[in-house]
Amino acid sequence: LYCRSSIKPAKIADILLDKGKFDFDKEEGVTKFAELLACSELLKNCVIKDIDNEFLPVVYPQCKVLHLGNYGFKCYPQDSVTSAAERAQRRWEYDIKFLPNCEILVENTTTVLIRYDWTEGLHIATHSSQFRHVLEHLRKLHSNGVVHGDIRLSTIVFTEPHDKSILVDFDIAGKVGKGKYPARFNPTVFDGTRHEDATARNKLQFEHDLFSMAGVMEFFSPAENTQQQQQQ
């Protein structure tokens, strides 16, 4: 737990323990636990993410991400911390469209919780063919008029076998020429390259994705181990 408030993790643990045991070998146990975390008043000011993933700072801190077993969960709070404009964009709808087997578990005036199949892999490319499948995923987005807006190493999962490699994290995604980068958008990242026009409140464009994808591909060189070391 990465807390942005004075709440202590031990206090959160006590609350969760009061709710009983969760059978993580069963789908309903995992889902029940995720729903409890998402809806807990204590977690409204917290960001949850996979502790094993130490890539980049959270760009869109209102979205909580949790990895449990074969599932990924994302919670979008709909409270006073989230602006009316951000709520109106319904950013989770792109997760529903482009993440594997994604569905809404909870949708009310305070919380939206989605669940999707977790894709196991690395944020480091090991073979050039992995990029082909990532590019196919990007083409699917663009053919639907959608810009990802945040392409970099940490928003791509490179898998074995290669044909499961995908883009993830559609928190910034939006319609080309209509959607905009959020006010807190960071134009500089260490694991990729941003287009010069990809800045806070600017409109999303296809060329921004293509520019960033080219930047990610520059990290990969099958004949040069130092490139992979730089990625790590």
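Which residues do ring pairs link into a cluster? Ring pairs join F131, F158 and F220 into a cluster.

## Basis of the report

The structure is a predicted model, in which local features need pLDDT of at least 70 and side-chain atom pairs count only at pLDDT 80 or more, while totals for chains, interfaces and linings use all residues. Residues are numbered from 1 along each chain as its sequence is written, and side-chain values use heavy atoms, with hydrogens and water left out.

## Overall composition

The protein chain contains seven helices and 10 strands. Helices (H or I, at least four residues) and strands (E, at least two) are DSSP runs, numbered from the N terminus.

Of the 232 residues in the protein chain, 48% count as buried. Buried means under 20% relative accessible area, exposed means over 50%, and partly exposed lies in between (1.4 Å probe, protein chains only). Among contacts in the protein chain with a separation of 6 or more, 63% are between residues 24 or more positions apart; contact means heavy atoms within 4.5 Å.

## Helix 5 and helix 6

Two packed helices are described by the angle between their axes and the distance between the axes. The axes of helix 5 (residues 129-143) and helix 6 (residues 206-217) come within 12 Å and cross at roughly 170 degrees. Helix 5 is therefore roughly antiparallel to helix 6. Axes here are lines fitted to C-alpha atoms, for helices over the stretch in contact, and angles run from 0 to 180 degrees between N-to-C directions. Angles under 35 degrees count as roughly parallel, over 145 as roughly antiparallel, 65 to 115 as roughly perpendicular and the rest as oblique.

On the side of helix 5, the contact is made by F131, V134, L135, L138 and H142; helix 6 contributes F206, D209, L210, M213, V216 and M217. These contact residues divide into nine nonpolar, one polar and one charged. In this grouping, Ala, Val, Leu, Ile, Met, Phe, Trp, Tyr, Cys and Pro count as nonpolar, Asp, Glu, Lys and Arg as charged, and the others, Gly among them, as polar.

## Aromatic pairs

Rings of Phe, Tyr and Trp (its six-membered ring) pair if their centres lie within 6.5 Å; planes under 30 degrees apart count as stacked, over 60 as edge-to-face and the rest as tilted. The count by this rule is six aromatic pairs. In one of them, the ring centres of Y71 and F73 are 6.3 Å apart and the planes stand at 55 degrees, so the pair is tilted. Y71 is buried at 18% relative accessibility, and F73 is buried at 1%.

F131 and F158 form an edge-to-face pair, with 5.2 Å from centre to centre and 65 degrees between the planes. This pair links distant parts of the chain, 27 residues apart: F131 is in helix 5, and F158 is in the loop between strand 8 (156-157) and strand 9 (166-167). F131 is buried, with a relative accessible area of 4%, and F158 is also buried, at 2%.

## Backbone features

Most residues other than glycine have a negative phi, and most peptide bonds are trans. The peptide bond from E160 to P161 is cis, with omega near 0 degrees; P161 lies in the loop between strand 8 and strand 9.

N101 has a positive phi, near 50 degrees, and is placed in the loop between helix 4 (92-98) and strand 5 (103-107). R201, which is not a glycine, has a positive phi of about 75 degrees and lies in the loop between strand 10 (174-175) and helix 6. N101 counts as exposed at 60% relative accessibility, and R201 is exposed at 57%.

E120 is found in the loop between strand 6 (111-117) and helix 5, and is exposed, with a relative accessible area of 57%. Leaving aside neighbours within four places in sequence, E120 is in contact with H67, V157 and T159.

K74 belongs to strand 4 (residues 71-77) and is buried, with a relative accessible area of 1%. The C-alpha atoms of K74 and I104 are separated by 9.6 Å, and the two residues are 30 residues apart along the chain.
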